[in-house]
Amino acid sequence: MHLYNFWFMHFECIRMVDGIIFSIKNPRNRLMIELTARSCMRIGEVLKPTPSDIEDHRAVTQEPKSGKETETAFLPQIALER
């Protein structure tokens, strides 16, 4: 596959995901879907954090499904502004 085709397909996927995210009218649901899509968090990890678990651009998940003590997900700036 040519590099151009790879990047074209990548940006098309991003546009499709953005279309899905921004078609959701409920702000809470939109934020949950956006965090799931952009930060690769599981839905359970999106629902668990409290404000004290979020610092700067990071969300720390206590007792994640992976079995580790904690996991850190980096949050996109656009999601933090909402």
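**Briefing: a chain of helices and strands**

The chain has four helices and three strands, and the model described here is a predicted one. Read from the N terminus, the elements follow the order α-α-α-β-β-β-α.

**Chain as a whole**
- Of the 82 residues in the chain, 21% are buried.
- The accessible surface of the chain amounts to about 6,300 Å², and carbon and sulfur atoms account for 61% of that surface.
- When contacts between residues at least 6 apart in sequence are taken together, 26% of them join residues at least 24 apart.

- The three strands form an open sheet in the order 1-2-3, and their pairing is antiparallel; strand 1 (54–55) and strand 3 (70–74) are the edge strands, each of which pairs on one side only.
- Five bridges link strand 2 (residues 58–62) with strand 3 in the antiparallel sense, and Ala 59 has Ala 73 of strand 3 as its bridge partner.
- In general, the strands of a sheet pair through backbone hydrogen bonds, in either a parallel or an antiparallel sense.

- Ser 39 sits in the loop between helix 2 (27–38) and helix 3 (43–47), and it counts as buried because its relative accessible area is 11%, the cut-off for burial being under 20%.
- A polar atom of the Ser 39 side chain lies 2.5 Å from the backbone oxygen of Leu 35.
- Apart from its neighbours within four places in sequence, Ser 39 is in contact with Glu 34, Ala 73, Phe 74, Leu 75 and Pro 76; among these, Ala 73 is also the bridge partner of Ala 59.

Terms used: Residues are numbered from 1 along each chain as its sequence is written. This is a predicted model: local features need pLDDT of at least 70, side-chain atom pairs count only at pLDDT 80 or more; totals for chains, interfaces and linings use all residues. Side-chain values use heavy atoms; hydrogens and water are left out. Helices (H or I, at least four residues) and strands (E, at least two) are DSSP runs, numbered from the N terminus. Buried means under 20% relative accessible area, exposed over 50%, partly exposed in between (1.4 Å probe, protein chains only). Contact means heavy atoms within 4.5 Å. Accessible areas come from the Shrake-Rupley method with a 1.4 Å probe; for residues, only the protein chains shown count as cover. Two strands pair if DSSP finds at least two bridges between them. A polar contact is a pair of N or O atoms within 3.5 Å; within protein, one must be able to donate a hydrogen and the other to accept it, and residues adjacent in sequence count only if both atoms are side-chain atoms.
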